[in-house]
Amino acid sequence: MYLTREQEALLAGEGGEALRLAMEILVALGEVYGAERLIPIESAHISGTSYTSCGDAGIDLLSRLASQGARLKVPSTLNPVAIPLNNWRKLGFPEQLASKQLAILDLYAELGAAGAVTCRPYLAGNLPAFGSHVAWAESSAVVYANSLLGARTNMEGGVAALASAMLGLTPLYGLHLAENRVPTELVKVDVELSSDLDFSLLGYFVGEALGGGIPFIQGLPSWAGVEELKSMGASMATSGSMAMFHAPPHTPEAQAYSVEALASTSVGRAELSRVLERLSCSGGLKVDCVALGCPHLSLEELRRVASLLEGFKVAEGVKLWLFTSEAVACLARQAGYLRVVEAAGGEVLVGGCVVHAPLKELGVEVLVTNSAKAAHYCASIHGVEVCLAPLHECLRAAEVGRWPP
Ligand code: F3S
């Protein structure tokens, strides 16, 4: 891979050990993928920030980088972590986990991370323009950036995104190149999508059926908004390795392609029902927790939740957890949505992630959610029973405390 003289010098350690290491990571990545050179990026989004994923080794690495004087060169946001930053003690998150997690966030702050801790960085100040190059980790955010914003990023790992953040560079390969953003398979949606959950199930089906590539999805309703498409993309990247989709008229690059010659797959109600059957538990269960916000809730989603929660009380012994970023929570408080949530007995968890939370230690055996991604990971990582339902049914389950509501 071609390196400028300045980049060669960094690789030789002339900029210090931290930048040498970062350069070594990007050069190795670039060589594996046949990148011709490094290109500048406008922002980074770093995953692997939860103590449950990076562990003590992550703390050691960050401490070493900080003590070597490393600083992030481009605006960089962080993926959600194992505890909610606003109310972990009140909600009973373990002290030891919290102290490790807070140490990680302190180290990122020392490196100069932008502060936002969320899987929807584009709602918290990290909003790349169409065509701009970024280095983002977190699969749901990567799909959103490529598909809906038209920004360009590969699906970075946490360490590669950190190295990119330190150098302001990424190797030029994959989705940074126009020729790799071409649709690879046509998906025909032959079902009337009627709820938030339908989009999540559709994404999960497409990810599983295609496995990878860039689907071109035909037949989405014109009313589908960013919330529905965000859910669909997050699920797609859960069951498959998709980092991008096209879906006219919703995605900005779709009109550039003709898709007649592509192999196609059809999705009907039967396919969605089969995914639901597989991901969701059967009935007759006492609900411990209803978790919404995987990916993190937007202001619009909190508005929808608040409007459904008017005059509502969460059942005794049930946790209603709403995951979002601090920026969105702040706006939701100003808009009055959080007052409604709190009056109903719900909790807003800022910067946390349902998948990284120690669910069993917190007494959660049965979880209800509207996210296929949360269902997939909470069942496989924590072994909890997961019930998957549209938003209004999730809230109804919180009210009655049992499944089905
Ligand atoms: Fe976000 Fe955690 Fe879900 S990072 S997408 S809330 S798994």
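A search of the whole structure identified 1 disulfide, defined as a pair of cysteine sulfur atoms within 2.5 Å. The structure is a predicted model, in which local features need pLDDT of at least 70 and side-chain atom pairs count only at pLDDT 80 or more, while totals for chains, interfaces and linings use all residues. Residues are numbered from 1 along each chain as its sequence is written, and side-chain values use heavy atoms, with hydrogens and water left out.

The disulfide is formed by Cys 281 and Cys 387, whose sulfur atoms lie 2.4 Å apart. Distant parts of the chain are linked by this pair, 106 residues apart: Cys 281 lies in the loop between α9 (269-279) and β9 (285-286), and Cys 387 in strand β14 (residues 385-388). Helices (H or I, at least four residues) and strands (E, at least two) are DSSP runs, numbered from the N terminus. The torsion about the S-S bond is about 95°, so the disulfide is right-handed. Cys 281 is buried, with a relative accessible area of 14%, and Cys 387 is buried at 0%; buried means under 20% relative accessible area (1.4 Å probe, protein chains only).

Methods: Buried < 20%, exposed > 50% of the residue type's maximum accessible area, 1.4 Å probe, protein only.
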